[in-house]
Amino acid sequence: MTVTRRTTLGALTAGATALGTSRTGVAAPAASLHRLWYRQPAKAWVEALPVGTGRSGAMVFGGVAQERLQLNDDTLWAGGPYDPVNPLARAALPEIRGLIAAGDYAKAAEVADARFLATPRRQMSYQTIGDLRLAFPGLPETAADYERDLDLDGAIATTRFSAGGTRFTRQVIASAPDRVIAVRLIADRAKALSLDLSFASPLKSAPTASVEGADTLVLVGTNEAQNGVEAALKFECRVRVLNKGGTVVADGAGLAVRGADEVLLLIASATSYRRFDDVGGDPAADNRAVVAAASAKPWRDLLARHQADHRKLFRRVAVDFGTTSAALKPTDERIKASPTTDDPALAALYYQYGRYLLIACSRPGGQPANLQGLWNDKTSPPWGGKYTININTEMNYWPAEPTGLAECVAPLVEMVRDLSVTGARTAQAMYGARGWVTHHNTDLWRATAPIDNVKAGVWPTGGAWLCKHLWDHYDYSRDRAYLADVYPLMKGAALFFLDTLVRDPRTGKVVTSPSSSPENDHGHGGSLAAGPTMDQAILRDLFSNCIAAAAILGTDATLAALLTVARDRLAPYKIGKDGQLQEWQDDWDADAKEIHHRHVSHLYGLFPSDQIAVDKTPALAAAARRSLEIRGDLSTGWAIAWRLNLWARLGEGDHAHGILGLLLGPERTYPNMFDAHPPFQIDGNFGGTSGMTEMILQSRNDEILLLPALPSAWPTGRLTGLRARGAVGVDVVWARGRLESAVLTAAADGRHHVRYAGGAIDLDLKAGQRVRLTARDGVLRKA
């Protein structure tokens, strides 16, 4: 395939230059900078290409004789409404705390395992609907001139090939405005399209397929029971066939199309889920209405509405880290070669892929991105495909605010609202406390008790960490009405800890107990401890943000005073004997069972928080750096992504770029660019996008930092459309390793302290005002 032909494929991004910044004189077309493409169909699930409406998703395999669309609905989970609080937990709490205070951590874990963990111990799993199978009689397994791609800018997956002298094209979109997955099949010869449609599902509940009317295939079923919780959901998936020419007839539990000129398939899915405590929905009625509305629109209108909706979000940001001839190769070949190839455009593609995935899997009205975002082909995926809120769910949303996708945070906010209800029951039943709490995992049913095992589950600050995202959404928008809406959620989380923090008799400081440093064994009898560093840091943020919110809203002065006292009594950061930031109150880091543990929980204060910074707290920053050195760079996919963000916060651009290389290599990135834990977890994709943003722009400590960790590997480039705290947009352009210009556009009135290299400037901006900055000899000036 020639470069000229590839230039015609995919839409050029608005505002982007026609060619990427060239290093070799062979520049890639802009289309290739936003396009995953392959010369063969997907054989494995991690080679298929994802599309999503935010609620329903499909993995497109691109087969020739057999096409597979693996389908998901974000509310199809196992089980039903349940309350997993162990009735013995509250009585066991004083004993567990006493054992921790006495240093008998093994006995504390034994009691917690017997009487504190949830019943059941496991939460419910995210499940797949199954597959829509398309069989094309007469077509070969392989075909000439084959190509499949995913255009990130157009949000469309396309398969093209020739067979028997006919050119076939198949296009798949997942439309948020029309709530359907639409598949268009065309050929350059009349009457060339024939196919058989059928459903297949791995669910043990044995869904059944049937034909409705003359042109609609319907799959009806229920979810599965799991871990002793009965199945409570009904679901339906339907596909309507709209053909031009030819015939459509029922063929048992499937449909057969013969001799058509063009075929349009409209796929809709729904469950009976309404809320975590309401499963009374009517999925059949929902789907009929959705399909009927979509059927009234021709393909061109469906496509136009879908792409306008998607591009409104996607095109806010443009990125260019430079381009070499490596960008002309298929995506799987680029990933395989990336450890030994100079391919900066692969990083840019990964950056925009992360944004594409968030748009596709997290939209207002839907569920938040789970461990696999939206895409899962199993009935019991790894770790249940749940919401792991001791890092993974939060990492999913790290790029949302700074890369112009604030709307995608809405499902997370609504999940926190739900958790404040279920978590209030848990707070009272387990701890006798006000407010609300959730531990290290939750699911569709918003379960909040500690699950799995003591090492992971007995950690009470998951909800408190989620509240940071509530505050960040305000801090980037400065929307006072929104803050007033979510403040009660933040307040409830803070009240829980006012009631449950305990005094450390050795220091007089207040700490959480029982708790742990997520999933890490400190080597002194297990994982349980009082006041692990991460907890103290999360609560410092929670209390500070509640205090600030109360002042902005002019409310709760008495509570704010109590929170100020509690914040000032929290155990401080400590530096250990090896120069490291201590993970626990005691200097146990060197004794931990896994010295290279994937979690770096005690470094929360460096990122995503800003309590630790090279320019504000240099001694603590140096200790955090030492902790990172001890932990090592190579880890699981998402853990590498966290390290990327942390090294960027330390201002170590070249080191951060080296870690990015580990993330982009074939051991941690699958051929379809999904992150490999392994297996697949989507958080690494989002953490990678966040980390690259942190290399170019940081918004922390009431400052905007330009090019704080620019690597030498990206001497010339641009990243435009970013957002900074204080409701300001930022475009950054650099050349020869130095800032060329930065444009700030205010969405609200505010004062901004902007820094680059050794220079700084203060800007008082009014809403709508735009200022261009340049730098000479490190000095920032208005252009």
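Two strands count as paired when DSSP finds at least two bridges between them. Strands here are DSSP runs of E with at least two residues, helices are runs of H or I with at least four, and both are numbered from the N terminus. This is a predicted model: local features need pLDDT of at least 70, side-chain atom pairs count only at pLDDT 80 or more, and totals for chains, interfaces and linings use all residues. Residues are numbered from 1 along each chain as its sequence is written, and side-chain values use heavy atoms, without hydrogens and water.

Start at the pairing of β9 and β16. Strand β9 covers residues 180–187 and strand β16 covers residues 262–271; six bridges join them, and they run antiparallel. Val183 has Leu265 of β16 as its bridge partner.

Both strands belong to an open sheet of nine strands. The order is β1-β6-β7-β8-β9-β16-β13-β12-β11, with antiparallel pairing. At the edges stand β1 (35–38) and β11 (208–212); each has a single partner strand, so one side of each lacks a neighbour in the sheet. From one strand to the next the twist averages 15°. Angles run from 0 to 180 degrees between N-to-C directions, and axes are lines fitted to C-alpha atoms, for helices over the stretch in contact.

Two helices pack here. Contact means heavy atoms within 4.5 Å. Helix α5 (residues 283–295) touches β9, β11, β13 (234–244) and β16, and its direction makes about 20° with that of β13. Helix α6 (residues 299–314) lies across β7 (156–163), β8 (166–175), β9 and β16, at about 50° to β8.

Now look at β8. Is it buried or exposed? Of its 10 residues, 10 are buried, where buried means under 20% relative accessible area, exposed over 50% and partly exposed in between (1.4 Å probe, protein chains only). In a regular strand the side chains alternate between the two faces of the sheet. In β8 both faces are covered. One side has Thr166, Phe168, Arg170, Val172 and Ala174; the other has Arg167, Thr169, Gln171, Ile173 and Ser175.

Strand β8 pairs on both sides. Seven bridges join it to β7, antiparallel, and Ala163 stands opposite Thr166. The hairpin of β7 and β8 has two residues between the strands, and Gly164 takes a positive phi near 60°. Eight bridges join β8 to β9, again antiparallel. There Ile173 has Ala182 as its bridge partner. This hairpin has four residues between its strands, with Arg179 in the turn at a positive phi of about 60°.

Next comes a helix pair. Helix α3 (residues 89–101) and helix α4 (residues 105–115) pack at about 170°, their axes 8 Å apart. They are therefore roughly antiparallel, since angles over 145 degrees count as such, under 35 as roughly parallel, 65 to 115 as roughly perpendicular and the rest as oblique. Among the contact residues are Ile96 and Leu99 of α3 and Val111 of α4.

A further open sheet has six strands, ordered β17-β26-β27-β28-β31-β32, with antiparallel pairing. Its edge strands, β17 (318–320) and β32 (779–782), each pair on one side only. The twist averages 25° from one strand to the next. Within it, eight bridges join β27 (residues 728–735) to β28 (residues 738–746). Gly729 has Thr745 of β28 as its bridge partner.

Finish at Ile595, in the loop between α15 (557–569) and α16 (618–631). Ile595 is partly exposed, with a relative accessible area of 31%.
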